[in-house]
Amino acid sequence: MLAGAKSKLPLFIFLTPILLWLFLLIVLPHLDLLRMSFRIENDYGDMIWSVNNYLEFFREPIYWLTFARTALYAIIVTFLTLCISLPVAFYITKVAPPRFKGFLSLLLLMPFWVSELVRVYGWMILLRESGVINHFLLKWGILRQPVEMLYNDVAMTMGLVYTSMLFMVVPLLSVLDNLDDSLIEAAFDLGSTTPTIVWKIIIPHAMPGIASGSIVVFMLTLGNYLTPNLMGGKNSLWFTEQIYNQFIASFNWNQGSAFGFLLLIISSLIIFAGLKLTNQKLSKVVQ
Amino acid sequence: MIRTLPQSRGYSISFKIYIILFFIFLFAPLLITCVLAFNDSIFPALPWKGYTLDWFFSEGPERIGIFHDQINLASIWVSFKTAFFVALLSTVVGTCGAFLFEQETFRFKQLLYFLMLAPLVIPGVILGISILLFSNTLGLFVEGRFGVDISLLRPGFWLVVLGQFSFITTLVTLIVSAQLKKFDYSLEEAAMNLGANRFQVIFHITLRFLKPALLGAMAVAFLMSFENFNTTLFLVGSDATLPINLYLQVRDGSTPVINAISFLLIIGTSSLALLNLVVQRDRSK
């Protein structure tokens, strides 16, 4: 690009802050996390190397059950988010009058600029026993007694779907925007029914968007703390809550590190598998 | 099926209803939060007891509005300071990153690029604990070796700034790189032929071209930092940021003051987001 005798100075000026950032804040902390996860305190109070923190995870059913539960719910949330978002993205890009397109996509993105905490708080006001939905159900005579709709798995799942919707809708909007209308028109002229068009044309075309949206949603759900903590009940344990408890409540940083590392591994593995299965590059997905 | 094809009535009506329900689902929690900020009741719940501005301006002692609530005001100020430093720092380093990955060639570039993307796929909680662990290890080491206690390495304001900076910089790098890709290099070459050196070119030409993207990236970084919870949770010291402070209040029961804060946040973030959008659109014309 810039041919000729080029000094090395700009390279060093740009490279130094990047290396400092990546090594001091990303690489070394994660190596430290790995090191801490293999340390335990023995009976004499000395720190020794051990895999005990990891064995503890498999020995205590509460830990690996929570882990499995978190992964399972993250899959369910990802699937539900996809099912809800796909028709919306399709409507905005293909069905709605073109002049509304910009307005509708803007409207869609607005809530996600607001802090996750505010959004979860809004749902808490709506769903709790003294909440707004109960107020109306009682007023209209549908219920006699207020029902606690918060603090259960359904509320938590809905909250997680709500929180991560944006990251599914945006990639879907961009892939569907690139879908040529004439493909659908041709299929329709040749006598295809709506389900056939959806399965044979729309979904295959939207696959890159579906894959990248799903990967991001899955990862964010797995690592979410706020929504399960505030909307799920006391028994709806989420794995990040276990990590928090080990760090802040039990002050067992070594055990917490092992849990943290396990979460990091599973999340990276699933992202890697997702990318391989759909033949995509990480650098494409994150954009 | 699509707008150019004939649609059955049932299809088009049911699709419309679905979209309307979806938007209700999207906006209901935010609208109700805003509305209840003005309800003249001590609980953030219905029934509607009349309109009041107490939750904004009341001086107490029974009701303390947000503008007189010292704890919440303090946390808003902490969040502003944090977001300011994170936006500044991540924009500077992110711009270096964009130049590095777009314009320079060096060994292990691909590897470093993947490392740069990594913060986006690391859960925020993990980023928080690993930075907490490392700063603690470093602090212990420095204290043991040199007998100096560095307060910077203990949970607190600057550790929160560093924690948020560690992943927001990746976003800034991606935003600025996207703009830098569109840069017409003949402008640089022309300037160089006229005798400018590399830094003069960057300063007078490239950065000028990048200005809208830099402002946009800074706004995004500010917002991301202002509302970050997961990473901050583990790094926060005695001065809590707004999301942490709100979380503690929401967990232990709530008052309409939280609604008032939420209302201000919703108005504030959406106007910043809209402003950013309008600026970007104007520039791209």
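Reader: Which residues of helix 5 of chain A meet helix 10 of chain B?

Author: In this predicted model, the partners on the side of helix 10 of chain B are B:Pro243, B:Leu246, B:Tyr247 and B:Val250. On the side of helix 5 of chain A, the residues are A:Leu117, A:Tyr121 and A:Met124.

Reader: How many nonpolar, polar and charged residues does the contact of helix 5 of chain A with helix 10 of chain B have?

Author: Leu, Tyr, Met, Pro and Val count as nonpolar. The contact of helix 5 of chain A with helix 10 of chain B has no polar and no charged residues, and its nonpolar residues number seven.

Reader: Is helix 5 of chain A roughly parallel or roughly antiparallel to helix 10 of chain B?

Author: The axes of helix 5 (residues 116-127) of chain A and helix 10 (residues 242-251) of chain B come within 10 Å and cross at roughly 15 degrees. Angles under 35 degrees count as roughly parallel. Helix 5 of chain A and helix 10 of chain B are therefore roughly parallel.

Reader: How many residues of the contact of helix 3 of chain A with helix 9 of chain A are polar?

Author: Helix 3 of chain A brings residues including A:Thr70, A:Thr78 and A:Thr81, and helix 9 of chain A brings A:Ser214 and A:Thr221 among others. The contact has 13 nonpolar residues and no charged ones, and its polar residues number five.

Notes
Residues are numbered from 1 along each chain as its sequence is written. Chains are lettered from A and ligands numbered from 1 in the order in which they are written. This is a predicted model: local features need pLDDT of at least 70, side-chain atom pairs count only at pLDDT 80 or more; totals for chains, interfaces and linings use all residues. Side-chain values use heavy atoms; hydrogens and water are left out. Axes are lines fitted to C-alpha atoms, for helices over the stretch in contact, and angles run from 0 to 180 degrees between N-to-C directions. Helices (H or I, at least four residues) and strands (E, at least two) are DSSP runs, numbered from the N terminus. Angles under 35 degrees count as roughly parallel, over 145 as roughly antiparallel, 65 to 115 as roughly perpendicular and the rest as oblique. Contact means heavy atoms within 4.5 Å.
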